[in-house]
There are 4 protein chains.
Amino acid sequence: MTIRLAGLPEADQDRIGRTRASVAALHAELPRNELVVWTAGNVSEKVPELTSGHQLFVIKPSGVSYDELSAENMVVCTLDGQKIDDGTADSLTPSSDTAAHAYVYRHMDHVGGVVHTHSTFATAWAARAEPIPCVLTMMADEFGGDVPVGPFALIGDDSIGQGIVETLRESRSKAVLMERHGPFTIGADAKAAVKAAVMCEEVARTVHYARAYGDPVRIDQAQIDSLYARYQNVYGQKGNTA
Amino acid sequence: MTIRLAGLPEADQDRIGRTRASVAALHAELPRNELVVWTAGNVSEKVPELTSGHQLFVIKPSGVSYDELSAENMVVCTLDGQKIDDGTADSLTPSSDTAAHAYVYRHMDHVGGVVHTHSTFATAWAARAEPIPCVLTMMADEFGGDVPVGPFALIGDDSIGQGIVETLRESRSKAVLMERHGPFTIGADAKAAVKAAVMCEEVARTVHYARAYGDPVRIDQAQIDSLYARYQNVYGQKGNTA
Amino acid sequence: MTIRLAGLPEADQDRIGRTRASVAALHAELPRNELVVWTAGNVSEKVPELTSGHQLFVIKPSGVSYDELSAENMVVCTLDGQKIDDGTADSLTPSSDTAAHAYVYRHMDHVGGVVHTHSTFATAWAARAEPIPCVLTMMADEFGGDVPVGPFALIGDDSIGQGIVETLRESRSKAVLMERHGPFTIGADAKAAVKAAVMCEEVARTVHYARAYGDPVRIDQAQIDSLYARYQNVYGQKGNTA
Amino acid sequence: MTIRLAGLPEADQDRIGRTRASVAALHAELPRNELVVWTAGNVSEKVPELTSGHQLFVIKPSGVSYDELSAENMVVCTLDGQKIDDGTADSLTPSSDTAAHAYVYRHMDHVGGVVHTHSTFATAWAARAEPIPCVLTMMADEFGGDVPVGPFALIGDDSIGQGIVETLRESRSKAVLMERHGPFTIGADAKAAVKAAVMCEEVARTVHYARAYGDPVRIDQAQIDSLYARYQNVYGQKGNTA
């Protein structure tokens, strides 16, 4: 069933419906990749190419378990983080992290997807406010360097969004470890942001174990640059790195 | 099939049957969230609003595997921990932790659900008798501060129940780490207590890894208070924080 | 399909068939509880009460994956570890650990089931030749004290079996950590030995993490004795502690 | 559906089709054994006994998720790492690690299968450029000694392949930890190489935990030799050690 927003062209309604379905489905990757417990993580995606000129994104409803998510109970918001009333009876409250997602979309035009989790090892680095050093080829490939730390910020205003944007603007990394909170990742679409969340936890875990018995050597910057350029352009099918 | 207790109004029998079903189903969350091995964990729930005035709770039978649990083989007890004879042929012995659950219900009126596990990381902190410091926003959200340690106590009398109640009364935490034993969690209902058990293990694990390479900084008390108040009131759908 | 051994009374053939089915099914618990990778673990069970007076046990075939196990491809052996020829076309070679299982059955009459794994944390303690100290109530319950270490021994003769028996005879523990090798567990039947293997790994893991930040205090011997006595007699349904 | 390569005898086309199916199916073992996240690992297998004299191998397409793999979307390459055009419409780009696999097949005639992962614990040892010492009987069985480290090498030419071959030629090990990159394993066929990848991660994990509280003692070389010889010849059914 496609939920229709009032007053939008049919093509836009269809596009929103497809984004709802895609975001709902991608949430299944969070528990599958052991990035979340209970309801503690969320995915959003900007709706691309609306003919009406609206700028909208789709996000998880707050406090709903991953098993119960469907295209229908996703929440549609403006880039100000205001929920769109789509006239359905059981319209839900969006994720409590909606303001942070919205801030990222407003300030980073190339971002089409955002993911937030409290995945164990990434959050452990975040608890120490320590960036993950780029000591693995797979970090150079995916993140193009260290995974940086963003400031400690409380929920409730734009502090978290600002911290994410300021940190990621100075880095090639698609992931930021918000201090004593957890990782946020970005991508060209939601799938790419989910991939970054998966890779962020994996490198956080691997480097955690690696340093238990010695400090791994950082890869030379020129080699990181070479690996990153290759992976972004050559890996995958026709440049699709997701 | 609804099991009928003798001499109770039908409305009460129905209410007990629904609690049996709910408690049986919630046990599946324990292995699913990797909180238990074999049969080593249990969930109970107080039966709400019995018109007959009885105070009853439903708990797991002792030593039965999670795969074999059903509404029918749950055990119904009074708040003294005495099993109710419901006249079924294969009535089972309640969990060996029944006395501790009963003590909590007798002494904490707002508690409607209790969970006990030996989940790995929470039990590791319990083995050292060390509280988990509140160094993550998700701890402030869910527990409102540190997760405290309760005394070492042997099974067989009210020592464990007393230790749980005395520790939790002095804390906002829904979880207590009983020394060299394991965590007990409470909630308004069994689902909330299960959520607390899941979150307790997750923060125990994350902070365990975080401190391997430095001591994470505790969140300021005023900020903890702010996060806790917000989460208890704003998160989820219409105040449902489960 | 029941495989019939030549020259045995039908009652004994049926009993062997039931043990084959039970041992095949119990192997599924090893990967399910993450005690094994690939084919590296095995379960055996003595066939009880054969009217013919034969002493037999059923064990896993060597190098066969857990997905492919069935009652039919289990291997039946004498207590000398010699495979019984049951006349089926594709009779398989028994586990390379068969001699160790057989030695245990020959020398410990009360043992009806044996399990061997290389489960990660138990094997980590075994690699250091270090017993697991009894610092958790669940260790006192299940093992009645420390989990002891057995000698380093090579496969190929009775060295491993002797090491298991000599170590377990001096302990209440159902588990022994064979040095630089891995755990063996025993029980009244195969299910009890599988439970002991699951519990052994869980306490090995929990105590591993517990001691990372301090030495947990051993439980007093009198309290261990009390917990052990209670658990062996009171826990479960009618004394069934499996 | 069997994909037919142009100009090959039908028997060879069938043989390629069977290898496609086998390689596609074996990829499922990588996530099942938790050796990979997202698309970060690959399996290849040399096509045996082609009557046309061609030397070919089958490998994963680049950047395609494990759920989407099938016999049809596997990629067939020459031992120079050049993709064979099989005339299908959606022919895919082979794994970005194809050159390394091809180099191994060109320089090690006895190798019929190659696996590459970034499995967590093996990669942690690789990050420190530290070989895994042979302190467990299961390491002696499977690897015949330490698991060695290969040089740091960038993707894009034959450096990785050379590093793998030079390291493995001086060892009995089926696994090499490429520095700051991850493990590559070899075998007589792809299934044996997958088994080696599974065992490599398991011993990397177990020895990681073992050394946390002391240095496990290496097994004597003569005993390693004895265990290795026995396992390669006696274990499994009729010498099949997979």
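How many residues of chain C are in contact with chain D, and how many of chain D with chain C?

## Where C meets D

Let's start with that pair of chains, keeping in mind that this is a predicted model. On one side there are 28 residues of chain C, and they are in contact with 32 residues of chain D.

Interface size is often given as the accessible area lost when the parts come together. Here, the area buried between chain C and chain D is about 2,800 Å². Carbon and sulfur atoms give 61% of that. Three residues stand out: C:Val37, C:Trp38 and C:Arg180 supply 27% of what chain C buries against chain D, more than any other three residues.

## What holds hands across the gap

Look for C:Asp67 and D:Arg32: these two form a salt bridge, with their closest N and O atoms 2.6 Å apart.

Now for the helices. On chain C, H4 (120–127) and H7 (190–210) each supply at least two residues to the side that touches chain D. H4(C) gives the most, with five residues. Sorted by class, that side of chain C has 13 nonpolar, eleven polar and four charged residues.

## Inside the cores

The largest nonpolar core has 289 residues. Among the members that touch the most others are C:Ile132, D:Ile132 and D:Ile164. Leaving aside neighbours within four places in sequence, D:Ile164 is in contact with D:Ala100, D:Val104, D:Val176, D:Met178 and D:Phe184.

There's a second, separate core too, with 22 residues, including A:Leu79, A:Val104, A:Tyr105 and A:Ile164.

Note on methods: Residues numbered from 1 in each chain as written. Chains lettered and ligands numbered in written order. Predicted model: local features only at pLDDT ≥ 70, side-chain atom pairs only at ≥ 80, totals over all residues. Heavy atoms only, no water. Contact = heavy atoms within 4.5 Å. Buried area = accessible area lost by both parts, 1.4 Å probe. Salt bridge = Lys/Arg side-chain N within 4 Å of Asp/Glu carboxyl O. Helix = DSSP H or I, 4+ residues; strand = E, 2+ residues; numbered from the N terminus. Nonpolar A, V, L, I, M, F, W, Y, C, P; charged D, E, K, R; others polar. Core = buried A, V, L, I, M, F, W, Y, C linked by side-chain atoms within 4.5 Å. Buried < 20%, exposed > 50% of the residue type's maximum accessible area, 1.4 Å probe, protein only.
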